[in-house]
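Here are a few exercises to work through with the model open beside you. Try each task before reading its solution.

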Amino acid sequence: MTKESFIIWLIAKIILILVVFVALLLTIAFLIYAERKIIAFMQSRIGPNRVGPIGLLQPFADITKLFLKEDLIPAGADKFLFVLAPCISVFTAFMAFSVIPFGRDIVIHNVIIPLQITNLNVGVLFLMAIFAINVYGIVLAGWSSNSKYSLFGGMRSCAQMISYELPLGLSMVGILMLSHSLSLRSIVAAQSKHWFILMQMPAFIVFLISSIAETNRAPFDFPEAEPELVAGYHTEYSSFKFAMFFMAEYASMITLSALAVTLFFGGWLGPSFLPPFIWFFIKVCLMLFFFIWLRATYPRLRYDKLMKFQWTVLLPFSLLWILITGAILI
Amino acid sequence: MVNTEIKKETMILNMGPQHPSTHGVLRLVLELDGETVINATPVIGYLHTGMEKTVESERYIQAITIVDRMDYLSCFFNELGYILAVEDLLNIEVPERVKFMRVILCELQRIASHLVWLGTHALELGAMSVMLYTFRERELILELFEMCSGYRMNSSYMRVGGFYLDFPKGFIDRVKDFIDIFPSKINEYETLLTKNVIWKERTVGLGILSAEDAINFGVSGPTLRASGVKWDIRMAHPYSGYEFFEFEVPVGKHGDVYDRYLVRMEEMRQSIRIISQAVENLPEGSVSINNPDIILPSKKDAQIGMEEMIHHFKIVSDGFSVPQGSTYIAVESPRGELGFYLVSDGGNKPYRLKVRTPSFANLQALPLMLKGIMISDVVAVIASTDIVLGDVDR
């Protein structure tokens, strides 16, 4: 690589990172708005409609409000961990998005810029590692708050997220066997003929259930089950630290939707009348809609029953599916 | 030697009085082993308002507005129970139209109360949409109450000896509209819950209360009937004309949270049945007894007639006296047996009013139901007993 092309590459990368970061933040903001509107529609309510036209500026009003709130650290809390926990959560949530490809390569002055922040050849493993770190944010928040409700929330999510990483990882194995690669970019490329969902439907179901549990979304939102645990691990958090947890939750939702799209629905591939990243965006939005729809419909399961379901049903099933996939391939 | 014994400790968790799902201000002291409840102690009194005592310093007619506010989700039952007790001491037999009107209002109120229960119960198990659907229908009922009494809750519409005003024009038609649409709405809630796997997983076999325990604790209402005891005061000791209506008393088998849910859902259907019979056969006639010592004359008469004006002045300033004696009258409120023990010393104010509230008795059985279950199920069990803290503390 010449010096000139390196500079072009560097500038392009920095711009790409900034664009992705801002786009992710905006998506989170409007995802919260969309969730409130969609659920309101499903529940025969109106939803936010005061700030801006049809309430479109509501997310910015919320963020401003959270900024202006007093930032409390409860007495007896472990201050260092208390501050560190939301940072870990938000950091890992954003980090995970960096390996997701969302478009074809673009070429500027003979320099190939892939539309992906970094094309790791172990992308899937990297994601699993990041998800594992994500648990720390919640566990530490629950532990350091010096509150019993938070502790319960932290404990529950610790058990739940660690257990559900197993089927989440195993559900991807079939895909890896089909595409012969751990890089998400190659996985998308391998789906140019047909999407993996056609061959890996059972794996997709496992993936879907695990990803709902992994993001602590309804009906598996035990760590923050408000009727039981007040607000779970973030009971004691206020102001911007609370906003960080909130952002992290929605960022993980987006990342996992994007991952599902990449693994099972052909990523950014689609008919050519729309640019690839628009296809990617539409698919992610449909996945997110599914997440929101679930929340409006289902009651919450009980935490120990979910764990039992994971160890006795989901895990054996996903192992079996790997065997079947292997048998078919041979 | 190394001591290998692991030290085990239990944890005390204060649930409430400020907690999202303790139905007001109930405080539960939970002794926990991990997430399992070993012991639960309800602490009450955070909503104590001294209503029984306040009533002693108010005239009989004024006390209606006070008893109204005890169980704020079923005000008509409080009114009816109290008024029936006063009428019993006065030895009054009200016209049939009054009885039918009271039944219509009470059964509408029962549906409204059960809708709040269903909404909060589902919300506590995480199904939040159901809550908004039930409140949508409850709104229709509250509008009906507003139409006839001017108030949506705590309406103070009933009077000793009947009603001050008849149902307004068009009220019966709107009640008919409501009973036409409501059964389909119950089906709508049931589609979301009754056969839902997660809902059944969360409620079947949970918080079991045996029939024997239920009777020993004095539990009544749907909570008792879910345990398999067919005891409904409307059936056993009909009051206010319930003997004229045909309805069934739904009974559960296992006494768990799911059975309590099924029983209350069926009760709403039966209430609709009673209301439609009452509306069909509503007799014509006066809406109060003909006794100027107890019933206020109409405003128009009081402004021109000498006698009426004197009666008006007398009732408003001094009320009416009730003969010496005591009585106990119980009505079947949405929560169970709501009993009023009224003692009169012959004056114009109650000497003593003791209220036997269903929530208070049902709450006693709560620690029994909570023993050995998980903390997530605690809220489900509380919701299934359908307590109202205003009713417990009064």
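Contact here means heavy atoms within 4.5 Å. This is a predicted model, in which local features need pLDDT of at least 70 and side-chain atom pairs count only at pLDDT 80 or more, while totals for chains, interfaces and linings use all residues. Residues are numbered from 1 along each chain as its sequence is written, chains are lettered from A and ligands numbered from 1 in the order in which they are written, and side-chain values use heavy atoms, with hydrogens and water left out.

**Exercise 1. Which residues have the most contacts inside the largest nonpolar core?**

A nonpolar core is a set of buried Ala, Val, Leu, Ile, Met, Phe, Trp, Tyr and Cys residues joined through side-chain atoms within 4.5 Å. The largest one holds 121 residues, and Tyr82(B) and Leu105(B) have the most contacts inside it. Helix 4 (residues 96-124) of chain B contributes most to this core, giving 14 residues. A separate core has 71 residues, including Val20(A), Ile117(A), Ala258(A) and Met128(B).

Now zoom in on Leu105(B): beyond neighbours within four places in sequence, its contacts include Phe76(B), Phe145(B), Cys148(B) and Tyr157(B). Met158(B), Phe163(B), Phe167(B) and Phe171(B) also touch Leu105(B).

**Exercise 2. Is Pro183(B) buried or partly exposed?**

First find Pro183(B) in helix 6 (residues 171-193) of chain B. Its relative accessibility is 31%, so Pro183(B) counts as partly exposed. Then compare positions: Pro183(B) and Pro292(B) are 109 residues apart in sequence, and their C-alpha atoms are 42 Å apart in space.

**Exercise 3. Describe chain B as a whole.**

Begin with secondary structure: chain B has 17 helices and eight strands. Its C-alpha atoms fill a box of roughly 100 × 45 × 35 Å along the principal axes. Of its 394 residues, 59% count as buried. Among contacts in chain B with a separation of 6 or more, 70% join residues 24 or more positions apart.

Conventions: Helices (H or I, at least four residues) and strands (E, at least two) are DSSP runs, numbered from the N terminus. Buried means under 20% relative accessible area, exposed over 50%, partly exposed in between (1.4 Å probe, protein chains only).
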